[in-house]
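User: I should like to learn how to read the features of a structural model. Please take me through them one by one.

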Amino acid sequence: MAAFDTDDIEEIIVTLELEDEGEVECEVICIFEYGESDYAALTPTDESIEELYFFGVQMEEQGDEVEMTLENIEDEELLEELGEAFDQLMNEDEEDELEAMLPEEEDTDEDDDDDSKWDEFITKKLD
């Protein structure tokens, strides 16, 4: 992936021209690597529209700035693969956030004993 500060993606808003000659304003929610290429996931800024768009991304350094160019993806199979990769990426991010919110536990033998007692209790209740 090109040198790009992913913290800046929250600030990227683009206007997409639709096939019916309409326009929709979208924000870039994620830039990710799939295969050997970079892709962007965009969603409309209007929260009443529940859509997700994927585009190929080319990033080019222009001095201190990085210019991002979005490329249409015509391959339906690739779009499905990107959707699955994006879902997996979002699930991993959610798990990481949840783990970060949990207090760290110390590993002690006492904890293992408590777990085995609960396992026995639950097993007896289920039988």
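User: What percentage of the 127 residues of the protein chain count as buried?

Analyst: Of the 127 residues, 23% count as buried. Buried means under 20% relative accessible area, exposed over 50%, and partly exposed in between, with a 1.4 Å probe and protein chains only. This is a predicted model, in which local features need pLDDT of at least 70, side-chain atom pairs count only at pLDDT 80 or more, and totals for chains, interfaces and linings use all residues. Residues are numbered from 1 along each chain as its sequence is written, and side-chain values use heavy atoms, with hydrogens and water left out.

User: How many helices and strands does the protein chain have, and in what order do the elements run?

Analyst: Helices (H or I, at least four residues) and strands (E, at least two) are DSSP runs, numbered from the N terminus. The protein chain has 2 helices and 5 strands. Their order from the N terminus is β-β-β-β-β-α-α.

User: Which residues make up the largest nonpolar core?

Analyst: In soluble globular proteins, nonpolar side chains tend to be buried together. A nonpolar core is a set of buried Ala, Val, Leu, Ile, Met, Phe, Trp, Tyr and Cys residues joined through side-chain atoms within 4.5 Å. Here the largest one has 12 residues: Ile12, Val14, Leu16, Val24, Cys26, Val28, Ile31, Ala40, Leu42, Phe55, Val57 and Met59. Strand 1 (13–17), strand 2 (23–34), strand 3 (37–44) and strand 4 (53–62) each supply at least two residues of this core. Strand 2 gives the largest share, 4 residues. A second, separate core of 10 residues includes Phe32, Ile73, Leu82 and Phe86.

User: With which residues is Leu16 in contact, leaving aside neighbours within four places in sequence?

Analyst: Contact means heavy atoms within 4.5 Å. On that basis, and with those neighbours left aside, Leu16 is in contact with Gly22, Glu23, Val24, Cys26, Leu42, Tyr53 and Phe55.

User: What span should helix 1 have at 1.5 Å a residue?

Analyst: The expected span of a helix is 1.5 Å times one less than its number of residues. Helix 1 (residues 76–101) has 26 residues and should span 38 Å; its end C-alpha atoms are 38 Å apart, which agrees. Its buried residues are Leu78, Leu82, Gly83, Ala85 and Phe86. These buried residues of helix 1 pack against strand 2, strand 3 and strand 4.

User: Which residue caps the N-terminal end of helix 1?

Analyst: A polar contact is a pair of N or O atoms within 3.5 Å; within protein, one must be able to donate a hydrogen and the other to accept it, and residues adjacent in sequence count only if both atoms are side-chain atoms. Asp75 is the cap, with a side-chain oxygen 3.0 Å from the backbone nitrogen of Glu77.

User: How many aromatic pairs does the structure hold?

Analyst: A pair of aromatic rings is described by the distance of the centres and the angle of the planes. Rings of Phe, Tyr and Trp (its six-membered ring) pair if their centres lie within 6.5 Å; planes under 30 degrees apart count as stacked, over 60 as edge-to-face and the rest as tilted. The structure holds 4 aromatic pairs. One of them, Phe32 with Phe54, is edge-to-face, at 6.3 Å centre to centre and 85° between the planes. Phe32 lies in strand 2 and Phe54 in strand 4, so this pair ties together parts that are 22 residues apart in sequence. The ring centres of Phe54 and Phe86 are 5.7 Å apart and the planes are at 70°, so that pair is edge-to-face. Because Phe54 lies in strand 4 and Phe86 in helix 1, the pair ties together parts that are 32 residues apart in sequence. Ring pairs link Phe32, Tyr39, Phe54 and Phe86 into a cluster.

User: Is Thr43 buried or exposed?

Analyst: Thr43, in strand 3, is buried, with a relative accessible area of 18%. A polar atom of its side chain lies 3.0 Å from the backbone oxygen of Glu51.

User: Is Asp20 buried or exposed?

Analyst: Asp20 is exposed, with a relative accessible area of 62%. Asp20 is found in the loop between strand 1 and strand 2, and a polar atom of its side chain lies 2.9 Å from the backbone nitrogen of Gly22.
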